[in-house]
Amino acid sequence: MKELNRETAVKKGRTERIIQFGEGNFLRAFADWIVYNMNEKTDFDSSVVVVQPIEKGMADLLNKQDGLYHVNLQGLDGGEAVNSLTLIDVVSRALNPYTDHEAFLKLAEQPEMRFIISNTTEAGITFDPSCKLTDAPASSYPGKLVQLLYHRFKTFNRDRTKGFIIFPCELIFLNGHKLKETIYQYIDHWRLGEEFKTWFAEACGVYATLVDRIVPGFPRKDIAAIQEKTGYIDNLVVQAEVFHLWVIEAPEEVAKEFPADKAGLNVLFVPSEEPYHERKVTLLNGPHTVLSPVAYLSGIDIVRDACRHEVVGKYIRKVMFEELMETLNLPKDELEKFANDVLARFNNPFVDHQVTSIMLNSFPKYKTRDLPGLKTYLGRKGELPEGLVLGLAAIITCYKGGKRADGTEIVPNDAPEIMELLTSLWATGSTRKVAEGTLAAQSIWGEDLNKIPGLTDRVKGFLDDIREKGMMETVKQVIV
């Protein structure tokens, strides 16, 4: 079996036109897969330079394989089973700006560069006032982006034909609006001047997007068979469902530059992504975020198995149909159809979607995906949604660490300050202090959630029940 690289596999030389912040499974199985199809089916002729957005990442592994990897799509398409393997060749190279900041800035000097794509999780689009223009690099993603934009502005002497089209893929409502706002914060904070601000406003476009594809990631169970089939040792295989949707809030001229429709892809350029975003985040990502810790603490590791479980499956349906669906304003029949389609995707018989892959950065995810629904439900019904509150308590319990009933180590993964906070709170031994301290964390929520009537007591009650009775018995109380 051969190592996968440009010496053992065919890799077409294409023009570097896309800078991508993020080297994780999702972008490689979604955005890069889309670029691959555009290259194959249109004259797009573009390659991607991947920028590792945090200090530790996969840039070295990507470079070791010369940016080559396979995407394994599995699922049903029009009732027909699909299990395809595609060699994606669009990544030209990967950069770590923490070890090669000069090479990172030089990307701005390449005249052909036109697009910037990012997925730095919900926590990625933030303004950090401690960042400096002279940092190598700035710690935040928007800080790095402004460093790049400013260098391009100076390199091409304010040339407005050298702006960027920017597609953030972070799962934040109106992510493009938020990113643009944060960019302006850095321009003002770093005093980069009105000329640069005008150049950015007139030469660059930052567009809100919605992305949708379930990407379980590296197929541990199937990797031997996949490598046998391809004949390559590929340590970057990404498994994903067949379904994909990219909604981009941008004008027609942007669509002409990014001709995904000509490649037959499910990429929509629309006047507003709001209705697509609200429906998807609420009825797909919202349930994902709470089912994962609940299932995991119940001893269930795969999303499909959670959906089919006699107890946890009822919990998932309660959250979707009885709680989150009640917070949306779209027609009920449309919402029910979408929710049932989501359940069918969760039940994909071909994809083992590990719940632990969803649990990364759980608190920021809960804030954007479930907290709005919790508040709306309380406002409309006059009571807290039990399923969503249990999901929050399950997340908090996971951050305690320790072991599951079956002996599996619980390893939470989030920002260091969140990890430190939860560790210190759990060290008190008081579930009251854990509930109050977590809900009071402005750094997580941007507000004090203890002010939501009844929430603190209900979270504490669930924390006690999970500790004393176990997760499964606690779930049974909620689905009665």
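This briefing describes aromatic pairs, charged side chains, strands and helices in the structure above. The model is a predicted one. The structure holds 23 aromatic pairs, and ring pairs link F26, F30, F44, F115, F167, Y207, W246 and F258 into a cluster. One of these residues, F115, belongs to strand β7 (residues 115-118), a strand with both of its faces covered.

**Aromatic pairs**

- The structure holds 23 aromatic pairs; in one of them, the rings of F44 and F115 have centres 5.8 Å apart and planes at 55°, so the pair is tilted.
- Because F44 lies in the loop between α2 (31-41) and β3 (46-51) while F115 lies in strand β7, this pair ties together parts that are 71 residues apart in sequence.
- F44 is buried, with a relative accessible area of 6%, and F115 is buried as well, with a relative accessible area of 0%.
- In the pair formed by W246 and F258, the ring centres are 5.7 Å apart and the planes stand at 85°, so this pair is edge-to-face.

**Charged side chains**

- R213 places its charged end over the ring of W33, at 4.2 Å from the centre of that ring.
- R404 lies over the face of Y296, and its distance from the ring centre is 4.4 Å.
- R345, which is found in helix α13 (residues 332-346), is buried, with a relative accessible area of 13%.
- When neighbours within four places in sequence are left aside, the residues in contact with R345 are D212, R213, I214, E241, F243 and L284.

- Strand β2 (residues 15-21) pairs with β7 in the parallel sense over 4 bridges, and Q20 has I117 of β7 as its bridge partner.
- Strand β8 (residues 165-168) also runs parallel to β7 and is joined to β7 by 4 bridges; here the bridge partner of F115 is I165.

**The sheet of β5, β4 and β12**

- An open sheet of 3 strands has the order β5-β4-β12, and its pairing is mixed.
- The edge strands of this sheet are β5 (80-88) and β12 (238-241), each of which pairs on one side only.
- From one strand of the sheet to the next, the twist averages 20°.
- Strand β4 (residues 69-77) and β5 run antiparallel and are joined by 9 bridges, and the partner of H70 in β5 is L87.
- Helix α2 packs on the sheet, where α2 touches β4 and β5, and the direction of α2 makes about 85° with that of β5.
- Helix α8 (residues 223-230) likewise packs on the sheet and touches β4 and β5, with a direction that makes about 65° with that of β5.

**Helix α18**

- Helix α18 (residues 416-426) has I418, L422, L425 and W426 as its buried residues.
- Seen down the axis of α18, these buried residues fall within an arc of 95°, so they line one face of the helix.
- P416 and E420, on the other side of α18, are exposed.
- The elements that cover the buried residues of α18 include α15 (362-369), α17 (386-398), α19 (431-439), α20 (442-445) and α21 (455-469).

**Helix α16**

- In helix α16 (residues 371-381), the residues L371, G373, L374, Y377 and L378 are buried.
- The buried residues of α16 pack against α12 (312-323), α15, α17, α20 and α21.
- G382 follows α16, and the phi of G382 is positive, near 75°.

Definitions and conventions
Residues numbered from 1 in each chain as written. Predicted model: local features only at pLDDT ≥ 70, side-chain atom pairs only at ≥ 80, totals over all residues. Heavy atoms only, no water. Phe/Tyr/Trp six-rings, centres within 6.5 Å; stacked < 30°, edge-to-face > 60°. Helix = DSSP H or I, 4+ residues; strand = E, 2+ residues; numbered from the N terminus. Buried < 20%, exposed > 50% of the residue type's maximum accessible area, 1.4 Å probe, protein only. Lys NZ or Arg CZ within 6 Å of the ring centre and 35° of its normal. Arc of directions from axis to C-beta. Contact = heavy atoms within 4.5 Å. Pairing = 2+ DSSP bridges. Axes fitted to C-alpha atoms, helices over the stretch in contact; angles between N-to-C directions.
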